[in-house]
Amino acid sequence: MTDLKQVLVAEDDPGLNRLISFKLEKEGFKALSVFDGKAALKTALEEDIKAIILDIMMPFLDGIQVLKKVHSAKPQLPVLILSIKSRENDLHQALELGAKDYMTKPFQPDDLITRLKQIMEND
Amino acid sequence: MTDKKTKKNQKDQKPDSLLKYQSTFPKEVSFLINLLDQISDGIYITDPERKIMYWNKAAETITGYKQEEVLGKRCADSILEHTDLAGNKLCSTELCPLHKAMHSNKVPSEPLTLKALHKEGRLVIVEVGITPLHSISGTLIGGIEIFRDVSAKVELEEQKARFFSSLSHELKTPLANMQGYLDLILSGDAGEINELQQEFLNTIYNEEQKLANYIEDLLEMGRFEGTDYSYQQNVTNLSALIKSLIRSFKNEAAKKGLVLNHNIATGLGLLGDKERLSQAFSNLIGNAIKYTEAGTVSIEAWFDREEKELIVKISDSGIGIPETDLKNIFEMFYRVEHPGVRNKGGTGVGLYIVERVIRRHDGKISLESAPGEGSVFTVSLPGFIID
């Protein structure tokens, strides 16, 4: 069990969080679900995770702030941003800050896995 | 006694400066002055050295300064102190729009949106029109600035933009849930489903996608319309912006079996609004993929040194646009009907937004297309190379 690659799912919407975690586990990952930015940061820094799927609009700490802090502590950790299209500036900023890729909502779960595997392989 | 004296002095001062231009103006001047005082836009008249000779009642209301306080001064002397929306001062001789209008004949063709300083220290957003003033014989005798307080309007637009931004989030989260879970069921991740269930779920999925497209258009329009004031003027790296857009469309193109070619020169820069530009190019690339069933979508971008323009060319091998539709394609709510092609769900705001954004950046967009032969959109924007 501990051999499974752990992926952090930071998404405040419970439905989407469960959807992503479900798909990840189908694909043989172990999903660690968190629902706000503070928990995302804590888990990202403390746990042995291989990638983060990161929402931008989250309570307590937004995804951009989480990304900044995680990227300076673990620059190699691949981050995939998941946000809505009408916040293009956030998306561009996230890429500049070191996120490896981004997807906009709505998204297809298969796409998400394909992209996630891509950024994890490029590591 | 002293009161009377002050009053007398003021009286002396006012007619004096008015007289100064009364001598160069037609005789109807006092009638005109009366008229100008009734107008709800702020108006002031200066001599060629930008010294204020007249200041109407509305100018007093908008700025808090009485005419007596400003006569003989320049608007740069702690009055108005125009800045652009980013806060850069425009008071030096080289930058002053009024000076440029009077002495280099550079009269702005559209009203400028600027900030102005109120006597109480707060900033007012004003729409400004400027024109030089010539005597009948043609010699320059001064300049006129007409300004309108649009602060309330701008505030309302900002509120609207914030509302649409949050509405966008609230509407898209349930949509993302529905699409995502349908995807999981349809792909068999949640167990087997029979053929009839598959068919019905596919119908829900297709209709839901149309709904998502309509909502996308609605939100795009909502956060776009009437927000001309909020355009940012920042150095924007167009190369990086387009590359990151291409990345976001990669999977969508791959899924349709399309080749997504790109050749983007590095360091393409322009002064503009990154979010709006992103919205425009996202619409263009998205359309190219949406309306192409097989073949290639190509995106090229380069710098035209002679014209000092950035050129972005987006070509596809898609269904194309009939000649009769070409002239209307950038109009709001205009949609091209393709016989035999399934309605993809859209309201015809995408290209309208594109054209508006490009024009707002002093750029141009052109289109070459024919049914069955694909489309080529070419955008040119004034720009430079970022070192």
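**A chat about chain B and a helix pair**

Student: How many of the residues of chain B count as buried?
Tutor: Of the 387 residues of chain B, 45% count as buried, meaning under 20% relative accessible area with a 1.4 Å probe and protein chains only. This is a predicted model, in which local features need pLDDT of at least 70, side-chain atom pairs count only at pLDDT 80 or more, and totals for chains, interfaces and linings use all residues. Residues are numbered from 1 along each chain as its sequence is written, chains are lettered from A and ligands numbered from 1 in the order in which they are written, and side-chain values use heavy atoms, with hydrogens and water left out.

Student: Ok, and what pLDDT does chain B average?
Tutor: Chain B averages 84, and 89% of its residues score at least 70, where pLDDT is the predictor's confidence in each residue, from 0 to 100.

Student: Where does pLDDT stay under 50?
Tutor: That happens over residues 1-16 of chain B, for which the model has 6 contacts beyond four places in sequence, a contact being heavy atoms within 4.5 Å.

Student: New topic: at what angle do helix 5 of chain A and helix 8 of chain B pack?
Tutor: Helix 5 (residues 109-121) of chain A and helix 8 (residues 238-255) of chain B pack at about 120°, with their axes 11 Å apart; axes are lines fitted to C-alpha atoms, for helices over the stretch in contact, and angles run from 0 to 180 degrees between N-to-C directions. Helices are DSSP runs of H or I with at least four residues, numbered from the N terminus.

Student: Which residues make the contact?
Tutor: A:Asp111, A:Thr114 and A:Arg115 of helix 5 of chain A meet B:Arg247, B:Ser248, B:Asn251 and B:Lys255 of helix 8 of chain B.

Note on methods. Helices (H or I, at least four residues) and strands (E, at least two) are DSSP runs, numbered from the N terminus. Buried means under 20% relative accessible area, exposed over 50%, partly exposed in between (1.4 Å probe, protein chains only).
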